[in-house]
Structure formats: C-alpha cells, structure tokens
Amino acid sequence: MKKTVVLILLVLSTQGYSQFAKSMFSKDPIINLENWQKQRLYFGYYLGFNSFDFKFDYKEVTQDIQVKKTTGFNVGVVADLRLQEYVNLRFEPGLYYTKRDLYFPNFTSENDYLREVNSTYIHFPLLLKFSSLRTGNIRPYLTGGFSTTLNLSSNSKSKDDNFEGTFRVKPWSYAYEIGFGIDIFSEYFIFSPSIRGMFGISDELIRDNPGQASPWTDNIDSMKSRAILINFTFH
C-alpha cells in the first residue's frame, strides 16, 4: 500500500514539474496571463530587503566616518499605469526599516564614537518601467525615477544633539533610483524580482546646536543616503 502511494505521488509530482517546465522554459511554452499587462491600470504588493549606507563629503580632508550596515526589510504596494506597450509609470509607496552604526574617529569612549541610526522610512518612489519584448513567460525590464522619503525616526524635533548622545537627521530626503528586474508570468499571478540602487541628492544631516565646536558634525559638508533595494513583487 505504501509503495502504491509513493508511486502515485512520484507520478503526480513528475507531471506537475513537466507542466511547470513546459509553461515557463520550454521551446513552445503555454502563454500565461497573455492580456494581463494590456490593462490600463493594475496593482500589486511587494516584500523585500535593503542595505542602506551614508555617503559623506567633508569640508577638510580627515579620517572617514565608518558606517556599519545591516540588512533591513521593505513592504509596500504597487500601482502600475500603462503609458504604452513598453513603458509603464509605477508608484511604489512602502515602509522601509533599516539600521546603521556610525563610528566617528578620534574618540576613545563608546558613548562618543558610536552613534546608532535607526530609521523607519515611508518611501515614495515614482518610476518609469521600460520593458523588453516578452519571450514566452519571461519579460525583463529596466526602471528608473525619483523618490522622496519621510524618516519617522529622524529626531529632527529634538533639542538635544550629539553632546547629549542624540544624532539628528532631516525628516525628508530626496533621491534618484535605477535598477532592473524581470516579470515571470505564472498561471495565476506575475512574480517580479528586482534590484535597484538608490542615490540620495539632498543633505540629510542636522548640525549640532551652535555655541560650541562639534567634533561630530562641524567637518561634514553633506551626508546623503544610498542603498541597495531588493524587492519581490506580486501582481
């Protein structure tokens, strides 16, 4: 009896794999969701990961501030507007969480040289998506555009500064983004893994309060975020 059950399961799994392979990778695949992307407007959601960094520019040559990056997570929704056959306008608002540790040179105490920057972002990217010709159930694409981000953990309203151990950044920042991805058409939905680079164009740092020289912020000309964003989108 057990041998019979195992044999049936093997046959079913083999048939399922064969159908999947035929629908996705065979020379003559079954075309899934053929007219889906011909809709004027459609929606989806995404989950993903991020790695945020800071790019520092200095007023005078000095030792670099070291940034220790961690892997954060993303979650959000997608609205896709078809402009023409190969070009779409996408709005992808989402919640992004990340953490960076900043190590300032010329300090001996951890209370002075280490600043933890925990960031909870509401991210608003507006992107153009340039798709290639569809090959079977695969369609690669390039994407790029601009984004604005609200940092809910900016400490921008705090009166304390680095002398009290509080690192402050501006609540709003701006960036441009470029990347690529691929649409994979299954029988019931479109799965779109993508990777993008985000490059900040606005200075995010709030300088320490005037009145005394700050070894943390006085020599920083600008501090801009940059990041790698990996998203897995489902339509």
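Predicted model: local features only at pLDDT ≥ 70, side-chain atom pairs only at ≥ 80, totals over all residues.
At least two residues of the patch are supplied by strand E6 (114-131), and at least two by strand E10 (220-234). The largest share, three residues, comes from E10.

Attention now turns to the aromatic rings. A pair of such rings is described by the distance of the centres and the angle of the planes. In this model the count comes to 15 aromatic pairs. One of them joins phenylalanine 52 and tyrosine 121, with 5.2 Å from centre to centre and 40° between the planes, a tilted arrangement. Because phenylalanine 52 lies in strand E1 (residues 41-58) and tyrosine 121 in strand E6, this pair ties together parts that are 69 residues apart in sequence. Both phenylalanine 52 and tyrosine 121 are buried.

A second pair brings loops into the picture. The ring centres of phenylalanine 163 and tryptophan 216 are 5.1 Å apart and the planes stand at 85°, so this pair is edge-to-face, the class for angles over 60 degrees. Phenylalanine 163 lies in the loop between strand E7 (138-151) and strand E8 (172-185), while tryptophan 216 lies in the loop between strand E9 (190-200) and E10, so the contact ties together parts that are 53 residues apart in sequence. The two partners can also be described by their accessibility. Phenylalanine 163 is partly exposed, with a relative accessible area of 31%, whereas tryptophan 216 is buried, at 5%.

Aromatic residues also group together. Tyr45, Phe49, Phe189, Phe191, Phe232 and Phe234 form one aromatic cluster.

The ring of phenylalanine 54 has the charged end of arginine 100 sitting over it, 3.9 Å from the ring centre. Likewise, the charged end of lysine 129 sits over the ring of tyrosine 141, at 4.5 Å from its centre.

Methods
Residues numbered from 1 in each chain as written. Heavy atoms only, no water. Helix = DSSP H or I, 4+ residues; strand = E, 2+ residues; numbered from the N terminus. Phe/Tyr/Trp six-rings, centres within 6.5 Å; stacked < 30°, edge-to-face > 60°. Buried < 20%, exposed > 50% of the residue type's maximum accessible area, 1.4 Å probe, protein only. Lys NZ or Arg CZ within 6 Å of the ring centre and 35° of its normal.
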